[in-house]
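Subject: Structure handover

Hello,

Here is the structure I promised to pass on. Please open it beside this note.

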Amino acid sequence: MTTVAVRVRARASRARQDWDGTTLGLWVVEPAAGGQANAAVIGAIARWLGVSRGEVTIRSGRFARTKIVEVAGDVALPRPDALG
């Protein structure tokens, strides 16, 4: 398992991400209501790490801006300057 700390900003004007090597800053255009932002977070992390959405789980912080996300398997996290 690989664990990533994520700081989410919902309802952003455009989607983007910022990885500093410790925390992934993630801006999503979806609102937090109805779990839409959480679904967007799972999709963005899956694309970023090249895994399926089913391998990404929010372990804590479902209703918070700061989340702990777990990725199944041993996934190598990119270098801080290598966003994908």
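Below is what turned up, topic by topic. Please keep in mind that this is a predicted model.

**The aromatic pair**

How many aromatic pairs are there? The count comes to one. The partners are Trp-19 and Trp-48, and their arrangement is edge-to-face. Their ring centres lie 5.1 Å apart, with 65° between the planes. An angle over 60 degrees is what counts as edge-to-face. Trp-19 belongs to strand 2, while Trp-48 belongs to helix 1 (residues 36-49), so the pair ties together parts that are 29 residues apart in sequence. Are these two residues buried or exposed? Trp-19 is buried, and Trp-48 is buried too.

**Charges over a ring**

Next, look at Trp-27. Which charged ends sit over the ring of Trp-27? One is that of Arg-9, at 4.5 Å from the ring centre. Another is that of Arg-16, at 3.7 Å from the centre.

**The largest pocket**

Arg-9 comes up again here, as one of the residues lining the largest pocket. The space in this pocket is about 230 Å³. Its lining also includes Val-8 and Ala-10, then Ala-32, Gly-35, Ala-37 and Asn-38. Which elements supply at least two residues each? Strand 1 (2-9) does, and so does helix 1. By type, the lining has six nonpolar residues, two polar ones and four charged ones.

**Two loop residues**

Start with Arg-11. Where does Arg-11 sit? Its place is the loop between strand 1 and strand 2. Phi of Arg-11 is near 60°, a positive value in a residue that is not glycine. Arg-11 has a relative accessible area of 66%, so this residue is exposed. The cut-off for exposed is over 50%.

Then go to Gly-21. Gly-21 is found in the loop that joins strand 2 (16-19) and strand 3 (23-27). Its relative accessibility is 37%, so Gly-21 counts as partly exposed. Gly-21 and Val-4 are 17 residues apart in sequence. In space, their C-alpha atoms are 9.6 Å apart.

**Where to look first**

I would begin with Trp-19 and Trp-48, the edge-to-face pair. Then turn to Trp-27, with the charged end of Arg-16 over its ring.

Best wishes

How values were computed. Residues are numbered from 1 along each chain as its sequence is written. This is a predicted model: local features need pLDDT of at least 70, side-chain atom pairs count only at pLDDT 80 or more; totals for chains, interfaces and linings use all residues. Side-chain values use heavy atoms; hydrogens and water are left out. Helices (H or I, at least four residues) and strands (E, at least two) are DSSP runs, numbered from the N terminus. Buried means under 20% relative accessible area, exposed over 50%, partly exposed in between (1.4 Å probe, protein chains only). Rings of Phe, Tyr and Trp (its six-membered ring) pair if their centres lie within 6.5 Å; planes under 30 degrees apart count as stacked, over 60 as edge-to-face and the rest as tilted. A charge sits over a ring if NZ of Lys or CZ of Arg is within 6 Å of the ring centre and within 35 degrees of the ring normal. On a 1 Å grid over the protein atoms alone, a cavity is a set of points where a 1.4 Å probe fits but cannot get out, and a pocket is an open set with protein on both sides within 12 Å along at least five of seven lines; lining residues have an atom within 4 Å of a point. Grid points are joined across faces, edges and corners, and a volume is the space filled by probe spheres set on the points. Ala, Val, Leu, Ile, Met, Phe, Trp, Tyr, Cys and Pro count as nonpolar, Asp, Glu, Lys and Arg as charged, and the others, Gly among them, as polar.
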